[in-house]
Amino acid sequence: MENWDGKEGTSQIQFADQKQEFNKRPTKIGRRSLSRSISQSSTDSYSSAASYTDSSDDETSPRDKQQKNSKGSSDFCVKNIKQAEFGRREIEIAEQEMPALMALRKRAQGEKPLAGAKIVGCTHITAQTAVLMETLGALGAQCRWAACNIYSTLNEVAAALAESGFPVFAWKGESEDDFWWCIDRCVNVEGWQPNMILDDGGDLTHWIYKKYPNMFKKIKGIVEESVTGVHRLYQLSKAGKLCVPAMNVNDSVTKQKFDNLYCCRESILDGLKRTTDMMFGGKQVVVCGYGEVGKGCCAALKAMGSIVYVTEIDPICALQACMDGFRLVKLNEVIRQVDIVITCTGNKNVVTREHLDRMKNSCIVCNMGHSNTEIDVASLRTPELTWERVRSQVDHVIWPDGKRIVLLAEGRLLNLSCSTVPTFVLSITATTQALALIELYNAPEGRYKQDVYLLPKKMDEYVASLHLPTFDAHLTELTDEQAKYLGLNKNGPFKPNYYRY
């Protein structure tokens, strides 16, 4: 499950920004299908605080401005190139927490494994992505970049990238028309044709398929990091329409564990605290779903002294929940007594209007799963219920008898909308993306067919090993005798492909 596709912010939240985001946000967001006009993840709202500009201070669209960087180039479109210096500082802070990418730069600078690569990218544009882009540049690639989400761009970071010579087309609060215009400006360039795609959500791939199908003759591969995008790639593959190899980095072991388990373990408390200022001790919480995300949420809440119930459809995950000390229940058994309901199933209509009607007064309802379909929010938009916006991302929904529930982020991903994702987690994702690009770009003809592949295990292990020095961790090495006994190569891979970590 994609869960978080790399977004950033800082601890102070700018309410003005977000109120505007809410006014701009389309009310209905398409379910995931290839034909939809814009991917779900690209219209979700984020609290990228730390933007030095409030979107109201300059109403001119960046598309109408003539801007040049200090080298005289105008091949970019950002909010304000003058913010480049602030953005550079943000990028330098991110570099401290992204050891693996910095190590990769050092190691590969001599051999330039991406020399000749022309990468067109569509991801969140944050300080972390900037570190990835500059790493790809250091490895020899030329990049052009657009944002995969209309709210998550950090304007000052986009300016810093444009200043250092990257053609970046993105600003915070784009319209849907701007969104596709930016992608088109990345792809449709005279005298420059991409040979690699790095995508998050599948919109860029979708656009090239729709508008410039001939480009795929030159493209060596696609690297996709989100569940939604991977889902679309598998659909293309099934229909026999995928004409280049694609790498699914979403399901690599390191990304799964870090993005879903360890990341949620930290960000669930962060998101709830920032939006509600609540105490967790003694509170009764029901977590729907005990996959990687559910496990992370439950572990954090239990450690804070909450009483945690779990709902699950899969007997294996259910048994794990029982062995970890959680009561396994059906939602309607506990719905009247719980203080917090958290969904993380990846399913739809997990919390229905019937459940919402039976909740107790001031129950908090939020979603940690990947799309905004888990809580049936649409069913609350009826005349007899009153909605009150209490603060950014927090709504009180009030019943005729005065009962109210607290709905966070309108049922969208809580940790993207209301808190931040640790840079270290994004370091793992970004390193995986960089290695996948290197692998696809340098693969001999025929190694990868027109299909969707997982990252080779050897590379997953390499990503992990690059992050160990941060913890001053020392790996034990096998002796020749031990390696022979286990039937392994001393340098890995250490586990068979079916191994579950």
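Okay, let's start with Ser 252: if you skip its neighbours within four places in sequence, Ser 252 is in contact with Thr 432, Leu 455 and Asp 460. By contact I mean heavy atoms within 4.5 Å. Before I go on, this is a predicted model, so local features need pLDDT of at least 70 and side-chain atom pairs count only at pLDDT 80 or more, while totals for chains, interfaces and linings use all residues. Residues are numbered from 1 along each chain as its sequence is written, and side-chain values use heavy atoms, with hydrogens and water left out.

Back to Ser 252, then. You'll find Ser 252 in the loop between strand 6 (246-248) and helix 9. When I say helix or strand, I mean DSSP runs numbered from the N terminus: H or I with at least four residues for helices, E with at least two for strands. Is Ser 252 buried or exposed? Ser 252 counts as buried because its relative accessible area is 2%. The cut-offs are under 20% relative accessible area for buried, over 50% for exposed and partly exposed in between, using a 1.4 Å probe and protein chains only.

Next, the second largest pocket. How big is the second largest pocket in volume? About 950 Å³. A quick word on how that's done: on a 1 Å grid over the protein atoms alone, a pocket is an open set of points with protein on both sides within 12 Å along at least five of seven lines, whereas a cavity is a set where a 1.4 Å probe fits but cannot get out. Points are joined across faces, edges and corners, and the volume is the space filled by probe spheres set on them. Lining residues have an atom within 4 Å of a point.

There are 29 residues lining the second largest pocket, and Glu 461, Ala 464, Ser 465, Leu 475 and Phe 494 lie nearest its centre. Which helix gives the most to that lining? That's helix 16, with nine residues. Helix 9 (253-276), helix 15 (423-442) and helix 16 (457-467) each supply at least two. By type, the lining splits into 16 nonpolar, seven charged and six polar residues. Here nonpolar is Ala, Val, Leu, Ile, Met, Phe, Trp, Tyr, Cys and Pro, charged is Asp, Glu, Lys and Arg, and polar is the others, Gly among them.

Now on to strand 14, residues 404-408, where four of the five residues are buried. Strand 14 runs parallel to strand 11 (residues 363-367), with three bridges joining them, and Ile 364 stands opposite Val 406 there. Pairing, by the way, takes at least two DSSP bridges between two strands. The hairpin of strands 13 and 14 has five residues between the strands, and Gly 402 there takes a positive phi near 100 degrees.

Most residues other than glycine have a negative phi, and most peptide bonds are trans. Ser 362 has a positive phi near 65 degrees and sits in the loop between helix 13 (353-358) and strand 11. Ser 362 is at 44% relative accessibility, so it counts as partly exposed. Glu 410 has a positive phi too, about 50 degrees, in the loop between strand 14 and helix 14 (414-418). Glu 410 counts as buried because its relative accessibility is 15%. And there's a cis peptide bond between Gly 492 and Pro 493, with omega about -5 degrees; Pro 493 is in the segment after helix 17 (480-486).

Last bit: annotations. An unreviewed UniProt entry gives "binding site" for Thr 126, Asp 200, Glu 225, Lys 255 and Asp 259. Such annotations may be inferred rather than shown by experiment, positions are in the numbering used here and feature names are shortened. Thr 126 is in the loop between strand 1 (118-123) and helix 4 (127-138), and Asp 200 is in the loop between strand 4 (196-199) and helix 7 (203-211). Thr 126 is buried at 0%, and Asp 200 is buried at 0%. The UniProt "binding site" annotation, from an unreviewed entry, also covers residues including Gly 291 and Val 293.
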